[in-house]
Amino acid sequence: MKKPIIAVDMDDTICHLVKRAIYHNNINFPTHPLRYEDMIHWDTSHLRHPDCTHDVFYGRPGLFEELEIYDEYVVEEVEKLHQAYDLLILTAAEPKTVVEKWNWLQKHMPYISPEQFITCKRKNLINFDLLIDDGAHNLIPALNDGKKVICIPHPWNINEREQHQFPLMTSWKGAKAYVDRLLEREHEEIKFDPVKR
């Protein structure tokens with residue numbers, strides 16, 4: 001039997017990118033300090049120092065290798081998903097950050113193979129059954145395509161969370177069981193759907 005495909009984002013889903021970028025920003029541009037709570041939109045250029053462009057904010061060499069894991073449960077729970085499902089790590093990446101992201105995965109989740117690591121900004125083009133992501137721009141198209149989603153809540157997705165009522169996951173504790181329940185619910189709905197006459 002074919003295993004369901006679970007797609008898992010990287011940045012701010014299994015590791016903390018924005019918080020680390022803020023850390024470096026506040027050292028390098030102390031006149032324009034940022035706070036995680038203020039990051040309520042993807043475009044934060046109005047909050048940053050004029051010299052802190054998007055490329056500067058996210059382009060520090062080595063940034064993607066130094067990110068902290070999301071929480072104490074994420075490594076074990078992603079491995080459980082890896083064992084139970086057809087797992088993909090699906091992440092948007094610039095060419096210069098691909099190696100850094102792969103190195104991070106090999107350090108923290110060495111059970112992930114190269115065949116499971118896909119860099120792609122247009123995630124809705126990938127065939128998966130369930131997506132775990134923090135980006136509403138990825139979650140909404142997946143929902144529209146009839147796929148299951150789990151949203152990792154952050155300030156920048158609060159408005160979309162209110163509009164779309166995504167299933168949420170604030171911690172990776174019990175994540176595999178949560179995914180099981182979401183996929184079983186879909187199976188039960190199909191299995192017990194009344195026969196149309």
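The model is predicted, so local features need pLDDT of at least 70 and side-chain atom pairs count only at pLDDT 80 or more, while totals for chains, interfaces and linings use all residues. Residues are numbered from 1 along each chain as its sequence is written, and side-chain values use heavy atoms, with hydrogens and water left out.

**Whole chain, cartoon view.** Select the protein chain and colour it by secondary structure. There are seven helices and seven strands, where helices (H or I, at least four residues) and strands (E, at least two) are DSSP runs numbered from the N terminus. Starting at the N terminus, the order is β-β-α-α-β-α-β-α-β-β-α-β-α-α. The radius of gyration is 18 Å, close to the 16 Å from the globule rule for 197 residues, so the chain is as compact as a globular protein of that length. That radius is taken over C-alpha atoms, and the rule is 2.2 Å times the number of residues to the power 0.38. Along the principal axes, the C-alpha atoms fill a box of roughly 70 × 35 × 30 Å.

**Inside the chain.** Of the 197 residues, 45% are buried (under 20% relative accessible area, with a 1.4 Å probe and protein chains only).

**Helix 3.** Now select residues 74–84, which form helix 3. Show the side chains of Val74, Glu77, Val78 and Leu81, which are buried. Look down the axis: the buried residues fall within an arc of 100 degrees, so they line one face of helix 3. The arc is that of the directions from the helix axis to the C-beta atoms. An α-helix has 3.6 residues a turn, so residues three or four places apart point the same way.

Conventions:
Buried < 20%, exposed > 50% of the residue type's maximum accessible area, 1.4 Å probe, protein only.
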